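This report describes one protein chain for a reader who has its sequence and structure at hand. Please look at both before reading on.

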Amino acid sequence: QVQLAESGGGLVQAGGSLRLSCAASGRTLRPYAMGWFRQAPGNERELVAAIGWNGGSTHYTDDVKGRFTISRDDAKNTVYLQMNSLKPEDTAVYYCAADRSPLRNIVVHITTGDFASWGPGTQVTVSS
């Protein structure tokens, strides 16, 4: 079973940037698609970005397209989320998660239910 740990959250002004990291231990992430999610108070957890097992495919929710970039470094067993042009509505707890099944490369239709092995989350707060 893989253990995931998010880091890099914090308080930033609108228009600023943050880079979130998701470090894995206990198992290699290499064969698994990965996702970043967020949950704001009172809202359901939503998929923000996903990346296929070999990095060849990515998917973003419309709200973050052009602002967020998901990437992975399998040598470091780490997945990243670069967040630029942050808005107050991006404020949430951000989570990473690993796909339940290996070798999924096309992630455009991936859903929350396809993921398991969640990290504890990191808080991102964007002030106006």
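## Overall architecture

Of the contacts in the chain with a separation of 6 or more, 61% are between residues 24 or more positions apart. The model is a predicted one. The chain contains zero helices and eleven strands, and its pattern along the sequence reads β-β-β-β-β-β-β-β-β-β-β.

The dimensions of the chain can be given in two ways. Along the principal axes, the C-alpha atoms fill a box of roughly 40 × 25 × 25 Å. Buried residues account for 45% of the 128 residues.

## Strand 8 and its partners

Strand 8 covers residues 78–83, and five of its six residues are buried. Which strands pair with strand 8? One partner is strand 3 (residues 18–25), which is joined to strand 8 in the antiparallel sense over six bridges. Within this pairing, Leu20 has Leu81 of strand 8 as its bridge partner.

Strand 7 (residues 68–73) also runs antiparallel to strand 8, and six bridges join the two. Here Tyr80 in strand 8 stands opposite Ser71. Strand 7 and strand 8 form a hairpin with four residues between the strands, and in this hairpin Asn77 takes a positive phi near 55°.

## The disulfide

A search of the whole structure finds one disulfide. The bond joins Cys22 to Cys96, with an S to S distance of 2.0 Å. Cys22 belongs to strand 3 and Cys96 to strand 9 (residues 92–102), so the pair ties together parts that are 74 residues apart in sequence. The torsion about the S-S bond of Cys22 and Cys96 is about 65°, and the disulfide is therefore right-handed.

Are the two cysteines buried or exposed? Cys22 is buried, with a relative accessible area of 0%. Cys96 is buried as well, and its relative accessible area is 0%.

## Aromatic rings and charges

The search of the whole structure for aromatic pairs finds two. One of them is formed by Phe37 and Phe115; this pair is edge-to-face, at 5.0 Å centre to centre and with 80° between the planes. Phe37 lies in strand 4 (residues 32–39) and Phe115 in strand 10 (residues 115–116), so the pair ties together parts that are 78 residues apart in sequence.

Phe37 is buried at a relative accessible area of 0%, and Phe115 counts as buried because its relative accessibility is 1%, under the 20% limit. Together with Trp118, Phe37 and Phe115 form one aromatic cluster.

Trp118 also takes part in a contact of another kind: Arg45 lies over the face of Trp118, 4.7 Å from the ring centre.

| Charged residue | Ring | Distance to ring centre |
|---|---|---|
| Arg45 | Trp118 | 4.7 Å |

## Two serines with positive phi

Ser85 is not a glycine, yet it has a positive phi of about 50°. This residue is placed in the loop between strand 8 and strand 9. At 40% relative accessibility, Ser85 counts as partly exposed.

Ser117 likewise has a positive phi although it is not a glycine, and its value is about 60°. Where does Ser117 lie? Its place is in the loop between strand 10 and strand 11 (122–127). Ser117 counts as buried, because its relative accessibility is 13% and the limit for a buried residue is under 20%.

Leaving aside neighbours within four places in sequence, Ser117 is in contact with Gln1, Val2, Leu4, Cys96, Ala97 and Ala98. Cys96, named in that list, is also joined to Cys22 by the disulfide. By contrast, the C-alpha atoms of Ser117 and Ser71 are separated by 18 Å, and these residues are 46 residues apart along the chain.

Key
Residues are numbered from 1 along each chain as its sequence is written. This is a predicted model: local features need pLDDT of at least 70, side-chain atom pairs count only at pLDDT 80 or more; totals for chains, interfaces and linings use all residues. Side-chain values use heavy atoms; hydrogens and water are left out. Rings of Phe, Tyr and Trp (its six-membered ring) pair if their centres lie within 6.5 Å; planes under 30 degrees apart count as stacked, over 60 as edge-to-face and the rest as tilted. Buried means under 20% relative accessible area, exposed over 50%, partly exposed in between (1.4 Å probe, protein chains only). A charge sits over a ring if NZ of Lys or CZ of Arg is within 6 Å of the ring centre and within 35 degrees of the ring normal. Two strands pair if DSSP finds at least two bridges between them. A disulfide is a pair of cysteine sulfur atoms within 2.5 Å. Contact means heavy atoms within 4.5 Å.
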